[in-house]
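Here's a quick tour of the model, topic by topic. Have the structure open as you read, and we'll begin with a contact between side chains.

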Amino acid sequence: MSQTNQHRHQLPGRVVGLGWLVVMLITLSIALTVLIPPVWLPPSLQQLRYSWLGEPDFVELPANQPRELNLPELPCDPIIAARGEAREIEGLQIMRSPSCNPDHPADVAAFVKGTNNISAATLMETLLTVDAVDKRDDLDGDGDPDRIHIRLEVVELNGKSPEMSQTVPRFEIAPGIAPGFWVFAPKTRGMSTTNFGSLEANRLLRMPSPVIRVEAGDEISITLENTHYLPHTIHLHGVDHPFRDASGEGNDGVPGVSERMVFPGEARTYEFKARQTGTMFYHCHVQPQVHVMMGLNGMLVVEENRPDNWLQTLNVGAGHVRYPSVASREAYDREYDLHYFDVDKDLNDLIKEYNDPRLIAKATNRGYNATQRTAEYYLLNGRSFPFTLLESAVVVDTGEHIKLRVLNGGLEPVSLHTHGHKVRITHYDGVEQNPLAQITRDVVFLSSAQRLDLLLDTKNDGLHSYGSGIWLLHDHREQAVTTDGINPGGDIGVIVYEDYLAANGWPRFFGDMRLYFSPDYYAGRIPVWSASDPEGRFGEPENQPVTTVRLALLGLVGFLLFGTLVILSRRLVRSVKAR
Amino acid sequence: MSKLDRGLIDVIAFTALIAFATAPAGGGAQVNDERAHHRQKDHSDHRMVIDADGMVMNYNENELPRDCAQLGEDVTFDVHVGVRYARRGAAFGFDLNEWQVPPCARVAVTLINDDSVRHQWMVHGLPRYLYPQGMFHLEANGGSRKTGKFIVPSDDRTYLVHCDMAHHMEKGLKGQLKVGSGSGDLPSVPGITGARRPDRYL
Ligand SMILES: [Cu+2]
Ligand SMILES: [Cu+2]
């Protein structure tokens with residue numbers, strides 16, 4: 001025995017007999033077995049316990065957690081909805097657009113006439129600069145301008161503020177959900193928010209990047225004014241454009257291959273004169289696994305060259321085209337641009353973590369690994385259900401021809417299903433399919449970057465349409481109809497007939513949709529059937545009650561047991577050492 | 001250049017009424033009273049200018065704030081803006097981040113934009129009865145300059161100055177205008193105060 005141990009053993013009253021310790025251990029173990037709530041044990045142990053101690057007592061199962069269902073108001077402001085009435089501005093007949101959040105008619109007029117050709121009063125109603133969309137020079141003498149100069153800026157949405165916990169400027173895709181985005185945006189003036197007291201992005205700064213519409217043969221210039229803090233470019237995917245512009249500058253948007261990236265504070269003009277028509281695509285080509293997926297991608301439509309063909313050069317937020325082209329008016333009653341997209345929040349939310357561009361570049365380019373990507377959010381025209389219902393419903397009437405231009409700007413495939421209708425695929429990636437070989441079906445498939453032009457014929461014949469109603473229009477990959485796993489969400493949209501539309505542009509649904517406007521719903525805090533289950537048969541039960549006394553005793557026993565075990569083990573170690 | 005162009009490029013001047021009419025609702029009863037009061041007076045000395053170089057909002061070289069018995073000093077300064085003035089870890093910068101003027105001064109500011117994209121010099125918190133939304137605003141297109149004048153009130157106060165384009169304030173374009181001795185410093189003004197929620201460099 002060492003000196004120390006000898007010394008300790010000589011101290012009176014400090015030593016408890018080994019026998020006592022063992023008795024205590026057994027007593028405490030039995031107490032623990034009795035006190036521990038059976039539900040905490042694995043099923044096999046529970047069985048063992050009941051076979052020893054008899055069947056458990058009957059206990060009423062927990063009641064539902066009391067929950068007051070505060071249904072929010074539908075965010076369908078009649079004043080905003082009134083913007084959807086047919087209107088004449090700047091001598092243009094802007095089409096009616098029944099919707100809770102229609103495009104502002106002044107914006108539409110500015111994009112049709114050109115921001116340089118409208119009255120000061122109309123320009124004031126928009127948030128645009130004088131040079132945002134400059135139109136001039138009827139080169140072919142057919143009554144419309146043929147030199148079109150579009151200026152795009154790059155805008156961050158929902159990024160970190162060094163001053164407050166909220167991200168700025170705010171753009172929600174669904175109630176309470178605001179992933180970070182970078183978007184191309186028209187050149188606007190003044191405040192980026194709706195007013196100084198608000199953090200909400202103004203109506204022109206939003207997802208997705210705007211649809212660009214140009215006429216074949218026009219001299220198009222798109223100036224990228226890089227107002228963002230990282231380098232970007234524009235690549236014109238599928239659009240007829242020269243590799244270099246007239247001055248020998250790169251024009252394909254690929255860093256290193258055709259050009260140098262456009263740095264913050266710099267501007268570059270991309271030029272083209274498209275010989276072919278069709279629904280195309282444009283996107284940034286810098287670190288595309290990051291930049292495209294942050295939102296820097298949009299639809300680009302080349303329309304046929306027709307006389308007096310004044311085009312709505314930009315369709316902000318995509319959706320209904322309130323001033324369609326001459327060719328579109330001839331063949332179709334209405335036209336909709338549908339931009340599908342998916343978001344991996346692990347990437348998009350990185351801009352909420354950092355403010356320093358160096359840290360953001362590091363985190364997105366080198367920290368984020370696109371091969372590990374999973375998508376949580378699925379967007380139609382920059383929003384998820386139920387916000388899609390506020391602004392991206394495909395409104396139709398019986399016996400119409402509707403043109404749908406569909407782009408998959410995301411990385412997940414899209415299997416678009418039209419309830420109640422079969423649509424005809426007229427164009428693939430902007431190229432017309434042989435009319436004799438065109439396919440009519442109810443699920444159309446788009447891989448990443450693909451475009452389809454669809455004819456939605458509302459002839460009620462049981463094939464093209466089953467008749468009037470509110471018919472879902474959604475991606476049939478079922479994860480895509482959720483928002484981070486909560487259904488209904490994702491890219492759910494609707495085809496809604498006029499007779500199913502309320503005056504404010506809201507579809508007259510059978511059920512109450514207000515629940516889905518609650519941020520708590522998408523945070524997973526509300527049982528999904530709350531609105532249709534007033535008795536709470538599928539409500540959220542309280543946690544199983546374990547009485548406080550029992551818990552206190554259990555704690556005490558546990559503590560004593562632990563103490564006994566510690567003393568015993570020390571004894572054991574000491575005696576082993578002694579040997 | 002078309003006639004229509006020249007029409008716009010020639011300075012378009014609007015009375016503040018337009019800004020009032022388009023200002024968002026919900027400013028409170030006091031603001032509404034001020035609006036009504038303002039409409040009756042119909043003065044044209046502070047106005048909105050939009051042209052090819054940018055814009056000026058709430059230009060005011062004559063009308064005194066209520067608390068100023070008489071016009072103070074005339075103060076003139078230039079503000080340069082662009083990526084070349086950015087501090088480390090920012091994207092954009094003003095050449096200075098603090099400006100100081102005497103009470104009731106008439107301030108003539110020229111914003112000189114050395115970048116090829118838009119920037120702004122926007123002051124907030126001015127009296128709303130003179131400046132719709134409490135704001136004086138200069139906006140210069142890439143490579144352009146824009147000048148405007150405004151008259152500051154008499155009390156010692158620090159006003160927020162920034163570029164309100166999305167993330168330009170966050171990425172360096174924040175400053176403060178001190179009238180008199182000012183009322184302290186604002187948070188996260190580059191070169192003056194630190195960020196309340198700084199990045200971590202680990
Ligand atoms: Cu980019
Ligand atoms: Cu700026």
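Let's start with a salt bridge: the side chains of Lys174(B) and Glu163(A) meet there, at 2.3 Å from N to O. Lys174(B) sits in strand 12 (residues 174–179) of chain B, while Glu163(A) is in the loop between strand 4 (147–157) and strand 5 (181–186) of chain A, so this pair joins two chains. Keep in mind that everything here comes from a predicted model.

**Where the chains meet**

- How many salt bridges are there between chain B and chain A? The count is 3, and the pair of Glu163(A) and Lys174(B) is a salt bridge with its closest N and O atoms 2.3 Å apart.
- Over all chains, the structure holds 45 salt bridges.
- Side chains of opposite charge can pair when their charged atoms come close.
- Polar contacts between chain B and chain A come to 24 residue pairs, with both residues at pLDDT 80 or more.
- On the side of chain B that touches chain A, the elements giving two or more residues are helix 1 (3–9), strand 1 (12–15), strand 2 (47–51), strand 8 (119–124) and strand 9 (135–140) of chain B.
- As for the make-up of that side of chain B, its residues divide into 25 nonpolar, 11 polar and 14 charged.
- Contacts link 50 residues of chain B with 51 residues of chain A.
- The size of an interface is often given as the accessible area lost when the parts come together.
- Here, chain B and chain A bury about 3900 Å² between them, and 59% of that is on carbon and sulfur atoms.

**Domains of chain A**

- The domain assignment gives chain A a domain 1 made of 3–49 + 552–578, plus a domain 2 covering 97–317.
- How far apart are the C-alpha centres of domain 1 of chain A and domain 2 of chain A? They lie 73 Å apart.

**A sheet in chain A**

- In chain A, 5 strands make an open sheet with mixed pairing, in the order 8-10-11-6-12.
- Its edge strands are strand 8 (235–237) and strand 12 (314–315) of chain A, each pairing on one side only.
- Strand 6 (residues 211–215) of chain A runs antiparallel to strand 12 of chain A, and 2 bridges join them.
- Val211(A) is the residue opposite Asn315(A) in strand 12 of chain A.

**A sheet in chain B**

- Chain B has an open sheet of 4 strands in the order 5-4-7-10, again with mixed pairing.
- Strand 5 (93–94) and strand 10 (145–151) of chain B are at the edges with a single partner strand each, so one side of each has no neighbour in the sheet.
- Which sense does the pairing of strand 7 (residues 106–113) and strand 10 of chain B take, parallel or antiparallel? The two strands pair in the antiparallel sense, over 7 bridges.
- Leu111(B) stands opposite Lys146(B), a residue of strand 10 of chain B.

**Backbone spots to check in chain A**

- Most residues other than glycine have a negative phi, and most peptide bonds are trans.
- The peptide bond from Val168(A) to Pro169(A) is cis, with omega near -25°.
- Another cis peptide bond runs from Phe385(A) to Pro386(A), with omega near 5°. Pro386(A) belongs to the loop between strand 15 (377–380) and helix 11 (387–391) of chain A.
- Asp484(A), a residue other than glycine, has a positive phi, near 50°. You'll find Asp484(A) in the loop between strand 24 (470–475) and strand 25 (493–497) of chain A.

Notes
Residues are numbered from 1 along each chain as its sequence is written. Chains are lettered from A and ligands numbered from 1 in the order in which they are written. This is a predicted model: local features need pLDDT of at least 70, side-chain atom pairs count only at pLDDT 80 or more; totals for chains, interfaces and linings use all residues. Side-chain values use heavy atoms; hydrogens and water are left out. Domain bounds come from an automatic or database domain assignment. Two strands pair if DSSP finds at least two bridges between them. Contact means heavy atoms within 4.5 Å. Buried area is the accessible area (1.4 Å probe) that two parts lose on being put together, summed over both. A salt bridge is a side-chain nitrogen of Lys or Arg within 4 Å of a carboxyl oxygen of Asp or Glu. A polar contact is a pair of N or O atoms within 3.5 Å; within protein, one must be able to donate a hydrogen and the other to accept it, and residues adjacent in sequence count only if both atoms are side-chain atoms. Ala, Val, Leu, Ile, Met, Phe, Trp, Tyr, Cys and Pro count as nonpolar, Asp, Glu, Lys and Arg as charged, and the others, Gly among them, as polar.
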